[in-house]
Amino acid sequence: MQRLMHGEAGATARSGVRVAVLTGGATPERGVALSGARQVVAGLREAGWSVIVADTCAGLLRGEDEQQLLARPVGTGPPDASELRRLRDSEDLPAVLAELREVGVDVVMPVLHGREGEGGLVQAALELFGLTFTGSPAAGSYLAMDKGLSKQLFTQLGVATAPWLVWPQPDDKLIELGFPLVVKPSRVGSTVGLSVVDDLGGIDEAVGRALTFDDEVLLEGFLPGRELTVGVLGDEALAVGEIVVAGRVFDFESKYTPGGAREVFPAEIDAELADRVRADALTVHRGLRLRDYSRVDFRLDAQGRPHCLEVNTLPGMTATSLLPQSAAAVGIPFGTLCGRIVELALERVSS
């Protein structure tokens, strides 16, 4: 498979490859996944790829069913508990993967979020069914999704990270860690369930909120500096971007509400800092044995030093999401980015 197939011959080769975009999921980030899938499907089809769509809860979609599902807005908050229960009752991933294997697909592209979507379960099932898929394998996905475990690995890799503890902890340990503290579920993305607390009085409420989304809660020292992010494609770090928000953190509402945040690509930082962040991103990507693509998030401390917050193995994939913006800043359009991710998976099975 030649890299970035162009022209009439490339279009013919792409149309002969059947890509299944696997999306939805019974997670708090279902709406985010569907929004990304809508644009990935459009980008791949526009570039000449043959694409089908499957929802982990509804199976293979056709015609109007696909259009209706992918047209749903993200919203400014995750689904409520009753909706999540309904989705979980309807989800049957083995049946969906068996259907994809039966219809015959060349590669599956997961556009999923949350612990169940990007934490290794889907990836392990894809491996079990013998389906070629884009993105990181089950082991790397699991390591990256568990924020407490991945932060231990960042430290072993020599990449600075914000100080942290795993709940529960005695008050003296929290005071030693210092306030403000970021309180968040350990294995949930899109900053769902995240709070910033300024004293011991706010801990119980913040932990209770986080526990509604995960049974493990991370307490992280708040870093007051700028927030940076960088995409990785293949084995190359892309452009560093900066996320500017009105509040203290880039939370769910600021991410998915128009005007909630300003994202600057490339970030207006000096070359030395940009090189450091890009190098740390590659160290994390390689050290966790990730593949194809990822997005690595950083925050600067009071002295302007970068600290890795987390790595996203299935980052947002709308055209205005952070990874596509990181790629666009180095001259890679959205459709080309989606196609390159598919090609990276195909290259593994053709080599």
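Residues are numbered from 1 along each chain as its sequence is written, and side-chain values use heavy atoms, with hydrogens and water left out. Because the model is predicted, local features need pLDDT of at least 70 and side-chain atom pairs count only at pLDDT 80 or more, whereas totals for chains, interfaces and linings use all residues.

Two packed helices are described by the angle between their axes and the distance between the axes. Helix H8 (residues 138-145) and helix H9 (residues 147-156) have axes that come within 5 Å and cross at roughly 95°. H8 and H9 are therefore roughly perpendicular to each other (angles of 65 to 115 degrees). On the H8 side, the contact (heavy atoms within 4.5 Å) is formed by Tyr142, Leu143, Ala144 and Met145, and on the H9 side by Lys147, Leu149, Ser150 and Leu153. These residues comprise 6 nonpolar, 1 polar and 1 charged; in this classification Ala, Val, Leu, Ile, Met, Phe, Trp, Tyr, Cys and Pro are nonpolar, Asp, Glu, Lys and Arg are charged, and the others, Gly among them, are polar.

Within H9, the residues Lys147, Gly148, Ser150, Lys151 and Phe154 are buried (under 20% relative accessible area, with a 1.4 Å probe and protein chains only). They cover an arc of only 165° around the axis, which puts them on the same side of H9; the arc is that of the directions from the helix axis to the C-beta atoms. The buried residues of H9 pack against H8, strand S5 (164-166), strand S6 (181-185), strand S8 (217-221), helix H13 (271-287) and strand S13 (306-312). The N-terminal end of H9 is capped by Asp146, a side-chain oxygen of which lies 3.2 Å from the backbone nitrogen of Gly148. Just after H9, Gly158 has a positive phi of about 85°.

Gln39, Val40, Gly43 and Leu44 of H2 meet Phe334, Gly335, Cys338, Gly339 and Val342 of H15. The residues of this contact divide into 5 nonpolar, 4 polar and no charged.

Glu66 lies in helix H3 (residues 63-70). At 11% relative accessibility, Glu66 counts as buried. The side chains of Glu66 and Arg45 are joined by a polar contact of 2.8 Å (a pair of N or O atoms within 3.5 Å; within protein, one must be able to donate a hydrogen and the other to accept it, and residues adjacent in sequence count only if both atoms are side-chain atoms). Apart from neighbours within four places in sequence, Glu66 is in contact with Val41, Arg45, Val53 and Leu61.

How values were computed: Axes are lines fitted to C-alpha atoms, for helices over the stretch in contact, and angles run from 0 to 180 degrees between N-to-C directions. Helices (H or I, at least four residues) and strands (E, at least two) are DSSP runs, numbered from the N terminus. Angles under 35 degrees count as roughly parallel, over 145 as roughly antiparallel, 65 to 115 as roughly perpendicular and the rest as oblique. Buried means under 20% relative accessible area, exposed over 50%, partly exposed in between (1.4 Å probe, protein chains only).
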